[in-house]
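Hi,

Here is the model I said I'd pass along.

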Amino acid sequence: MNYTLDEKYEFIKQTLLQSESANPIEIAKTLMKKEFIGMHGPEHHFLDGAAFLTAYRNAGGKIELERCLDELAERTVKMPGAMCGYWGVCGSVASVGAALSVLYGTGPLSTDIYYKHNMEYTAAVITEMSKIGGARCCKRNAFLALSYAARFVKEKYGIDMQCKSVQCEFSPSNKQCLQEGCPFYQESFA
């Protein structure tokens, strides 16, 4: 069945409002297994930041999750697919960066520490992604962006998400999988 991006966003939001996990990767993987989520696609531009926001709330962060998800959706729906190849910035990193901006009310005229922190986070993840290279993989990039985000908010803000080691189970579905070139590749899933 084909779903519109708006329908996918709504399905993601409704699933996340029920989540109790404080592990952003576990949350993202649960969503990634749903039939309305493609192996690759712009739905990850919302999914990844939304999984982060949900884990943040479930780890003790004081946020109004539904309001934050709605604001994130407004921002991420503007991101086109294939940003990684065409723009040189991964949509997953931009999604989590947008989620951080939503959390702390950061905008283009912000002069507080959060503006700096958001840039610091996105720069670190993009640098790591550049070491891995392409072809694109929305799963790999989500795992990287979310694991960095979990460490980042623990270090900066004392929010301790339950982010453990990550094993990708999507390799068989990805024709462009880097396999051993991916830090999350597990041969047992291939």
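A crossing counts as left-handed if the near helix is turned anticlockwise from the far one by less than a right angle, and as right-handed if clockwise. Helices here are DSSP runs (H or I, at least four residues), numbered from the N terminus.

Before the details: this is a predicted model, where local features need pLDDT of at least 70 and side-chain atom pairs count only at pLDDT 80 or more, while totals for chains, interfaces and linings use all residues. Residues are numbered from 1 along each chain as its sequence is written, and side-chain values use heavy atoms, with hydrogens and water left out.

On to α3 and α6: their crossing is right-handed. The two axes (lines fitted to C-alpha atoms over the stretch in contact, with angles from 0 to 180 degrees between N-to-C directions) come within 7 Å and cross at roughly 45 degrees.

Then α4, residues 65-76. Its buried residues (under 20% relative accessible area; exposed is over 50%, partly exposed in between, 1.4 Å probe, protein chains only) are Leu65, Cys68, Leu69, Leu72, Ala73 and Thr76. Seen down the α4 axis they fall within an arc of 140 degrees, so they line one face of the helix; the arc is that of the directions from the helix axis to the C-beta atoms. They pack against α1, α3 and α6.

Arg75, also in α4, is partly exposed at 30% and touches Ala98, Ser101, Val102 and Thr106, leaving aside residues up to four places away in sequence.

Cheers

Methods
Helix = DSSP H or I, 4+ residues; strand = E, 2+ residues; numbered from the N terminus. Expected span 1.5 Å × (residues − 1). Contact = heavy atoms within 4.5 Å.
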